Amino acid sequence: MQLLANSEAESGIFTAAEMLLSGQGGLTACVEGISLVERDPGVRSVGYGGWPNILGEMEFDAAVMDGDTRQIGAVGGLKGFLSAVRVALAVKDKSQHEILVGEGAAIFAKSMGFEAENTLYPPSRETWWAKLREVLSEEEMDRFPNIDLSAVNKLITDPEKVRDTTVFLAQDTDCGLHVATSTSGWAWKHPGRLGDSPIPGAGFYADSRYGAAACTHTGEMTIRTSTARTIVLCLQMGMKLDLAIDFAVKDLLELSTGFLGGVVIHALDTYGNHRIANCQCEEDIFYWYWDDTLSQPEKRLAEPWREL
């Protein structure tokens, strides 16, 4: 058994590990762990503690993937429902679709019995409003939001450089490999922006025969290179985990246009190996790891990526 998650996972990682140890399925453990993170206001990139879009609205993206069946459930731009990862699980289990977005995702959540909630954390709203007043003229404030939102989006800086996602990857007692993701997306993003978190193959992928991968930070890049799927496909072709990740990172580094930034890759293979690759993130990157040889999950520092 293995459990791998990014640094934002502390609220849920211990519960997820206990669930795996008790014999519960890996996807169930991942979803429960992320659900706890989504309700932690101290996590500023996911759920209730996240930052709103440029209009002051919370839009959540989340996904789950069952590596045994390769079934997916994902939601994008979900408004009014905090438990985005549970809604994503319901998309997988209760619908004939893989991805639902925007108003349709909210309609589905309501039909599944999820309770609508106030999802905007008051301190986040205060910071958002202060940022608007800082960069907009009085005339623009009077007309807001009927102004050029893309221009405002470029002017307002992310208060904490938050481009993170919560990702949980697990290998359970049946050797199934599963993954779940959740994020509120970039602070002050343009309404409707999707990152890689709800996009299969870009921000996540799991195949119990070979491995699982999930990405955080600059989703605009991993969308273009299908990073998570690339890693699992390399494993399928017989590469070792380290070489698979190196191949994917080199592909990312080939990008020279568009929005560029750091990417963090989290990956497991079927042989009990794991690796975190910090690709060009300036800050220290930490992650959580647990397997059944450890008494509890450990928070570890990821080394900057270097070609092996």
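Predicted model: local features only at pLDDT ≥ 70, side-chain atom pairs only at ≥ 80, totals over all residues.
**Group meeting: strands, cores and rings**

Strand 9, residues 263-269, and strand 10 run antiparallel and are joined by six bridges. Zooming out, we have an open sheet of four strands in the order 7-8-9-10, with antiparallel pairing. Which strands stand at the edges? They are strand 7 (204-207) and strand 10 (274-279); each has a single partner strand, so one side of each has no neighbour in the sheet. On average, neighbouring strands here are turned by 10 degrees against each other, direction ignored.

Now for the helices around it. Helix 9, residues 227-236, packs on the sheet and touches strand 7, strand 8 (211-217) and strand 9. Its direction makes about 155 degrees with that of strand 8. Helix 10, residues 241-253, lies across strand 9 and strand 10, and runs at about 20 degrees to strand 10.

On to the nonpolar cores. The largest has 86 residues, and Leu 3, Val 75, Leu 78, Phe 168, Leu 169, Ile 231 and Ile 265 have the most contacts inside it. A second, separate core has 13 residues, among them Trp 128, Met 141, Leu 149 and Ile 156.

Next, the aromatic rings. The count comes to six aromatic pairs. Take Phe 14 and Trp 288: the ring centres are 5.6 Å apart and the planes stand at 70 degrees, so this pair is edge-to-face. Phe 14 sits in helix 1 (residues 10-21) and Trp 288 in strand 11 (residues 285-291), which puts them 274 residues apart. Phe 14 is partly exposed, at 30% relative accessible area, whereas Trp 288 is buried, at 5%.

Trp 128 and Phe 144 make a tilted pair, 6.4 Å centre to centre with 55 degrees between the planes. Trp 128 is in helix 5 (residues 122-135), while Phe 144 is in the loop between helix 6 (138-143) and helix 7 (149-155), so the pair ties together parts 16 residues apart in sequence. Trp 128 is buried at 6% relative accessibility, and Phe 144 is buried at 16%. Ring pairs also bring in Trp 129, giving a cluster of Trp 128, Trp 129 and Phe 144.

Cys 279 is buried, with a relative accessible area of 2%.

How values were computed. Residues numbered from 1 in each chain as written. Heavy atoms only, no water. Buried < 20%, exposed > 50% of the residue type's maximum accessible area, 1.4 Å probe, protein only. Core = buried A, V, L, I, M, F, W, Y, C linked by side-chain atoms within 4.5 Å. Pairing = 2+ DSSP bridges. Helix = DSSP H or I, 4+ residues; strand = E, 2+ residues; numbered from the N terminus. Axes fitted to C-alpha atoms, helices over the stretch in contact; angles between N-to-C directions. Contact = heavy atoms within 4.5 Å. Phe/Tyr/Trp six-rings, centres within 6.5 Å; stacked < 30°, edge-to-face > 60°.
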